[in-house]
Amino acid sequence: IRLKSTEDQRPSRACDLECRARRVKHNITLPPTLGCNGYLHQSHPDLEEQEISQLLARRLDALIIASCRPTVEVFFRIEKQKTPYVLIDRNFPGLSSNFVGGDDLAAGILATQHLVDIGCKKIAHIRGPKTSPGIQRLEGYKRALVQNGRSVIDEYVIFEPKGDVGGIQRGAEAMQQLLNCKRIPDGVFCFNDPLAMGAVNVVVNQGLRIPYARRSKNRPQSAAEAV
C-alpha cells in the first residue's frame with residue numbers, strides 16, 4: 001500500500017482550482033504545480049508570461065505576482081502599461097515594484113549559524129534554484145561560514161534547480177551525493193523543507209543519527225532546514 005504524499009496531491013488540487021477559476025473567467029496560476037495543460041509552471045516561465053498578458057488585456061487594477069521567471073522583461077512591460085504590481089516571495093533587483101517576502105539572507109545566516117553553534121565543523125548546503133530566495137540563502141550560508149573562520153567548500157554546495165518540484169526525491173539524491181564525499185559533512189543546511197525531508201530519509205536509512213534535541217539560541221526559521 002502506497003500512501004499518497006503531499007507532493008502527489010498538490011498538482012491535482014492546483015489543477016482543479018485553476019480550471020474552476022477559468023470557468024468563471026478568473027485567471028490564476030499557481031507555481032510550482034502541474035497545470036491543467038500538463039505544464040510545469042516552475043520550469044515554464046513562458047506560461048507565467050502568457051497568464052500575465054491575459055490579465056493585462058483585461059485592464060485589471062493591479063497584479064500580485066510570485067514569479068518563477070529568471071528575467072525581468074515582462075515586468076518592464078507591466079510598468080510601461082502603468083499597471084501597479086507587487087512581487088511576493090521572489091524579488092528582482094532593478095525593478096520599481098514593492099516586494100513582500102522573508103529575509104532570505106538572514107535565514108541563510110541563521111540556519112548556518114545554528115549548525116555552527118551546535119558544534120558542526122563541516123557544513124554543507126543543498127541550495128535552491130537561481131531565484132532570489134535560493135541566491136540569498138546561499139549568500140547567507142557563505143557569510144556565516146566566513147564570519148566563523150570557515151572556508152566555503154564547493155563540493156559541499158549541491159545545486160537543486162527545481163525548488164519544491166520533486167523536492168523530497170531531489171533532497172535524497174543531493175544528500176546521497178554529500179555522503180559520497182571523501183570528508184562527509186556533519187551538518188547540512190537545506191533550501192526548503194521538502195529537500196530537508198529527502199535528506200533526512202537518506203541519513204536515517206544509512207543508519208546515521210540526527211541530533212534533533214540539540215538546539216542553539218539562534219534557531220533557523222524551520223528546524224527541518226538544518227539537518
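Across residues 31-43, pLDDT stays under 50, and the model has 41 contacts beyond four places in sequence for them. Residues 213-217 are also below 50, with 9 contacts beyond near neighbours in sequence. This is a predicted model, and where pLDDT is low, the predicted coordinates should not be read in detail.

**Confidence overall**
- The protein has a mean pLDDT of 78, and 72% of its residues reach 70 or more.
- Helix α1 (residues 6-23) has the lowest confidence, with a mean of 52, while β4 has the highest, at 97.

**The cores**
- The largest nonpolar core has 30 residues, and I123, I126, Y141, M175, L178, V188 and C190 have the most contacts inside it.
- Two or more residues each come from α4, β4, α5, α6 (167-179), β6 and α7 (193-205), with α7 giving the most, 6 residues.
- A second, separate core has 13 residues, including L56, F75, I78 and F92.

**Helix α5**
- The 16 residues of α5 (residues 132-147) should span 22 Å at 1.5 Å a residue, and the end C-alpha atoms are 22 Å apart, so the two agree.
- Its buried residues include P133, R137, L138, Y141 and L145.
- The buried residues of α5 pack against α4 (104-117), β4 (123-127), β5 (157-159) and β6 (187-190).
- After α5 comes G149, with a positive phi near 70°.

Methods. Residues numbered from 1 in each chain as written. Predicted model: local features only at pLDDT ≥ 70, side-chain atom pairs only at ≥ 80, totals over all residues. Heavy atoms only, no water. Helix = DSSP H or I, 4+ residues; strand = E, 2+ residues; numbered from the N terminus. Expected span 1.5 Å × (residues − 1). Buried < 20%, exposed > 50% of the residue type's maximum accessible area, 1.4 Å probe, protein only. Contact = heavy atoms within 4.5 Å. pLDDT = per-residue confidence, 0-100. Core = buried A, V, L, I, M, F, W, Y, C linked by side-chain atoms within 4.5 Å.
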